[in-house]
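Hi,

Here is the structure I promised to pass on. Have a look at it first, and then read my notes below.

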Amino acid sequence: MSQRPKIWVIWFDRIGDRNQAEGLARLTGVPYEMKRLLSDGTTLLEEYRQLAPSLRPSLLIVVDRVATAAGLKLKRWSQGTLKLVKIGRPVRGWPFSVKPDLTITPRQYSTIAYRSAILIDLPFCLVTDASLSAASREFNPLLAHLPRPRIAVLVGGRTNQLGWSNAIAAELGAKINRLAEDSGGSLMIATSYRTGDEPTNKLMEQITVPHVAHLWDGNEDRNPLMGYLAFADRSIVTMDSLSMIADAIAAGKPVQVFPLPFKR
């Protein structure tokens with residue numbers, strides 16, 4: 001029997017990108033390893049070189065630009081033995097002679113997709129019945145006391161296309177607080193690396209109802225997002241992150257999207 005192929009999931013610094021890549025790796029049913037980049041990928045290349053050929057991965061999964069560059073370096077050095085799957089925006093103009101073997105891209109990028117790309121409606125995610133059940137047990141002491149309906153609020157922020165400001169954050173805070181107040185419920189708020197300290201403060205100044213909040217501080221190892229989705233009766237997500245929207249939809253609860261203004 002031939003050895004089952006191994007997968008390396010390479011990611012840099014964004015939890016949403018990591019979850020997309022790991023979500024695809026889980027779907028393959030093949031053993032995989034998570035490889036976080038701490039530099040330009042030189043250390044990862046050295047680790048790959050030192051492995052015996054039988055222990056080397058045969059497939060790389062990448063999402064963001066930094067991880068993609070590192071993956072392409074590995075693929076080039078392997079002289080064709082490594083296959084590379086790129087999730088997200090298709091690669092253009094990379095200074096490498098090699099390209100991804102497959103690109104899986106959301107339809108939002110369909111106008112720049114090329115023939116080797118597969119279009120998907122929503123990103124891959126880690127939200128499953130099993131993960132929600134485990135989160136229900138883990139976060140029961142923290143969240144079970146909150147009055148229902150419990151509303152999960154997933155907050156992103158500024159992107160190249162979408163605006164985000166103190167005023168918008170305050171508006172969101174006022175609206176979700178009113179929604180919870182009118183229903184007699186509570187809020188479970190999670191911000192992200194794009195939210196920013198000042199907008200976070202403006203948002204939280206509006207909150208007077210029972211709530212818990214995970215305010216982004218760079219330590220994603222204790223992110224309670226899965227717990228929030230497990231205990232939520234409904235979710236509200238800012239429109240900047242398709243990954244957060246996919247997570248909320250996968251939880252099987254009603255989802256509303258909070259609009260942000262287009263900058264262009």
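Predicted model: local features only at pLDDT ≥ 70, side-chain atom pairs only at ≥ 80, totals over all residues.

Strands β7 and β8 pair in the parallel sense, over five bridges.

Which way do its side chains go? S186, M188 and A190 point one way from the strand, while L187 and I189 point the other way. Five of the five residues of β8 (186-190) are buried, so the strand is largely enclosed by the rest of the structure.

Five strands form an open sheet in the order β9-β8-β7-β10-β11, with parallel pairing. What happens at the edges? β9 (211-214) and β11 (255-258) stand there with a single partner strand each, so one side of each is left without a neighbour in the sheet. Ignoring direction, neighbouring strands in this sheet are turned by 15 degrees against each other on average.

At the β11 end, the pairing with β10 (residues 234-238) is parallel and runs over four bridges. V237 has V257 as its bridge partner in β11. While you are in β10, click on S235, which is found in that strand. Is S235 buried or exposed? With 1% relative accessibility, S235 counts as buried. Leaving aside neighbours within four places in sequence, S235 is in contact with A152, L229, A248, P254, V255 and Q256. Helix α9 lies across β7 (150-154), β10 and β11, and runs at about 170 degrees to β10.

Now for the other sheet. Six strands form an open sheet here, in the order β2-β1-β3-β4-β5-β6, and again the pairing is parallel. The edge strands are β2 (32-36) and β6 (117-120), each of which pairs on one side only. On average, neighbouring strands of this sheet are turned by 20 degrees against each other, direction ignored. Helix α2 (residues 42-50) packs on the sheet, where α2 touches β1 (7-11) and β2, and the direction of α2 makes about 170 degrees with that of β1.

Within this sheet, β3 (residues 59-62) and β4 (residues 83-87) pair in the parallel sense over four bridges. L60 has L84 as its bridge partner in β4. V62 counts as buried, at 0% relative accessibility. What does V62 touch? Not counting residues up to four places away in sequence, V62 touches I10, A67, T68, G71, L84, V85, K86 and I87. V62 is also 8.3 Å from D17, C-alpha to C-alpha, although the two are 45 residues apart in sequence.

D17 takes us to helix α1, where the buried residues are D17, R18, N19, Q20, A21, E22, G23, L24 and A25. What covers the buried residues of α1? The cover includes β1, β2, β3, β4, β5 (102-106) and α9 (242-250). I also checked the length of α1 (residues 15-28): at 1.5 Å a residue, its 14 residues should span 20 Å, and its end C-alpha atoms are 20 Å apart, which agrees. After α1 comes G29, whose phi is positive, near 75 degrees.

Next, a helix pair. Two packed helices are described by the angle between their axes and the distance between the axes. For α2 and α3 (residues 65-78), the angle is about 30 degrees and the axes are 10 Å apart. Angles under 35 degrees count as roughly parallel, and α2 and α3 are therefore roughly parallel to each other. The crossing of α2 past α3 is right-handed. The contact is made by L44, L45, Y48 and R49 of α2 and by L74, W77 and S78 of α3.

Finally, the overall picture. The protein chain has nine helices and eleven strands. Of its 264 residues, 48% count as buried. Among contacts between residues at least 6 apart in sequence, 64% join residues at least 24 apart.

Over to you!

Key:
Residues numbered from 1 in each chain as written. Heavy atoms only, no water. Pairing = 2+ DSSP bridges. Helix = DSSP H or I, 4+ residues; strand = E, 2+ residues; numbered from the N terminus. Axes fitted to C-alpha atoms, helices over the stretch in contact; angles between N-to-C directions. Contact = heavy atoms within 4.5 Å. Expected span 1.5 Å × (residues − 1). Buried < 20%, exposed > 50% of the residue type's maximum accessible area, 1.4 Å probe, protein only. Parallel < 35°, antiparallel > 145°, perpendicular 65-115°, else oblique. Left-handed = near helix turned anticlockwise from the far one by under 90°.
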